[in-house]
Amino acid sequence: MKRRSVALVASAFALALTMPAVASAESVSEPRILGHDMLSVSGPVAGGEGEARYDASSNTLTLEDATIEAGNGNGIQFTGPLTIELVGSSRITSAQRGIYGNGVESDAVNITGAEGPSLVIESGWEALQVDDTTAPATLAIDGVTLEASSAARSGIVLEGISLEVGEGASVTADSVGTSVKTDRDITVSEKGSLHATSDGSYGVRADGDIAVTDATLNAASTSVAVWARGSVSVSDAEVTTESAPNSLRSEGTLSVSGDSVVTAVGGVFGEKGVSVAPVDGEKVDLWLGASEAEAVHYESADGSLRSPFDAPVTINTYSGLSGAAYVRILRHAHSGDPATCTSRAVCQYCGE
């Protein structure tokens with residue numbers, strides 16, 4: 001389908017701006033597209049086959065196969081809580097910020113949609129930035145594919161805002177600066193996925209906690225791939241990180257539980273320890289070494305702890321773990337010589 005730009009040039013708005021506002025600015029989010037006030041438009045704002053429309057009663061801005069091309073300025077800007085509903089495939093290109101929420105107060109900002117919609121943001125500054133001025137709020141991304149890239153700064157930047165990725169959403173951030181950054185928490189759950197790549201800073205950074213549950217987190221950077229001032233917890237999830245050193249780092253506790261697979265090229269670090277817990281009735285492996293090819297099962301210096309583990313354990317990071325450039329944690333797989341007519345197969349690592 002051919003897509004034309006929702007350029008919203010001055011001539012197109014000359015008539016729209018004469019229409020009555022649908023609600024007062026005090027009760028809504030005051031969304032603006034390319035600097036034009038969406039409150040002044042009583043019907044859809046159309047640009048060829050692309051469309052942007054705002055419902056003040058629900059604070060919902062719908063983008064349907066829309067292309068928003070911003071030069072000097074932000075593509076979409078708003079204050080207060082807002083739901084951005086995606087229909088089809090939309091794109092925002094901006095020399096500055098693609099989407100900018102300025103002072104959203106203590107409520108949520110949602111990016112959502114049904115039937116697999118997508119949004120691509122290409123920016124010179126932050127691709128997606130949301131600031132909070134009072135109590136903590138949340139940016140929730142559900143059920144959509146979001147690609148956010150920045151040529152000179154960061155991909156997704158949140159101040160006073162926690163990030164939640166869920167309901168099968170796929171979020172990708174690529175930037176020169178920190179690709180995903182918040183001074184609150186990051187949660188990835190419900191089959192969601194977060195992919196972050198940085199050419200010059202952190203891949204994912206949270207000043208709070210990071211929790212990945214039944215989801216996927218991939219991050220790579222030239223600094224630390226994943227860093228949390230608080231704890232990092234991985235449960236029934238897949239986490240892959242790559243950077244040097246300590247590609248997966250927590251200033252609190254780093255915990256891995258359930259049927260998880262964690263691969264850290266660059267190693268792991270947990271200031272308050274690394275906690276590993278197997279699935280009930282199973283064992284969990286902890287491999288470490290200079291590389292994948294050289295990795296061996298973890299064993300503490302005094303021999304009291306040795307992988308595979310059949311019960312939860314907490315390992316002091318400084319006890320031979322922080323120096324490993326490669327760490328892999330996953331459900332134990334038996335390995336050893338095969339059975340013969342006269343002998344059983346016995347796992348060389350756990351003895352079963």
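Predicted model: local features only at pLDDT ≥ 70, side-chain atom pairs only at ≥ 80, totals over all residues.

Q: Is Phe269 buried or exposed?
A: Phe269 counts as buried, because its relative accessibility is 5% and the cut-off for buried is under 20%.

Q: OK, on to rings with rings. How many aromatic pairs does the structure hold?
A: There are 2 aromatic pairs. Tyr202 and Trp227 make a tilted one, with 6.1 Å centre to centre and 55 degrees between the planes.

Q: Where do those two sit in the chain?
A: Tyr202 is in the loop between strand S21 (193–198) and strand S22 (204–206), while Trp227 belongs to strand S25 (residues 226–228). They're 25 residues apart, so to speak a link between distant parts of the chain. Tyr202 and Trp227 are both buried.

Q: Why is the pair of Phe269 and Tyr318 edge-to-face?
A: Their ring planes are at 85 degrees, with the centres 5.6 Å apart, so the pair gets that label. The cut-off for edge-to-face is over 60 degrees.

Q: Which parts of the chain does that pair tie together?
A: Phe269 lies in strand S31 (residues 268–270), and Tyr318 is in the loop between strand S35 (313–315) and strand S36 (326–331), so the pair ties together parts 49 residues apart in sequence.

Q: And Tyr318, buried or exposed?
A: Tyr318 counts as exposed, because its relative accessibility is 51% and exposed means over 50%.

Q: Let's zoom out. How many helices and strands does the chain have?
A: It has 1 helix and 36 strands. 12 strands form an open sheet with mixed pairing, in the order S6-S9-S12-S15-S18-S21-S24-S27-S30-S36-S33-S34.

Q: Which strands are at the edges?
A: Strand S6 (67–70) and strand S34 (296–297), and each of them pairs on one side only.

Q: How do S27 and S30 pair?
A: In the parallel sense, over 5 bridges, with S27 covering residues 238–242 and S30 covering residues 261–265. Glu238 stands opposite Val261 in S30.

Q: What about S30 and S36?
A: Those two pair in the antiparallel sense over 4 bridges. There, Thr263 stands opposite Arg328 in S36. Strand S33 (residues 284–289) also pairs with S36 in the antiparallel sense, over 6 bridges, and Leu288 stands opposite Val327 in S36.

Q: Switching to S29: which residues are on its covered face?
A: Strand S29 (residues 254–257) has Leu254 and Val256 on the covered face, and Ser255 and Ser257 on the uncovered one.

Q: Which strands does S29 pair with?
A: Strand S26 (residues 232–235) pairs with S29 in the parallel sense over 4 bridges, and Ser233 stands opposite Ser255 in S29. S29 also pairs with strand S32 (residues 274–277), in the parallel sense over 4 bridges. The bridge partner of Ser257 in S32 is Ala277.

Q: Last one, the whole chain: how much of it counts as buried?
A: Of its 352 residues, 49% count as buried. The accessible surface comes to about 15000 Å², and 46% of that belongs to carbon and sulfur atoms.

Definitions and conventions: Residues numbered from 1 in each chain as written. Heavy atoms only, no water. Phe/Tyr/Trp six-rings, centres within 6.5 Å; stacked < 30°, edge-to-face > 60°. Buried < 20%, exposed > 50% of the residue type's maximum accessible area, 1.4 Å probe, protein only. Pairing = 2+ DSSP bridges. Areas by Shrake-Rupley, 256 points an atom, 1.4 Å probe, with all protein chains shown as cover.
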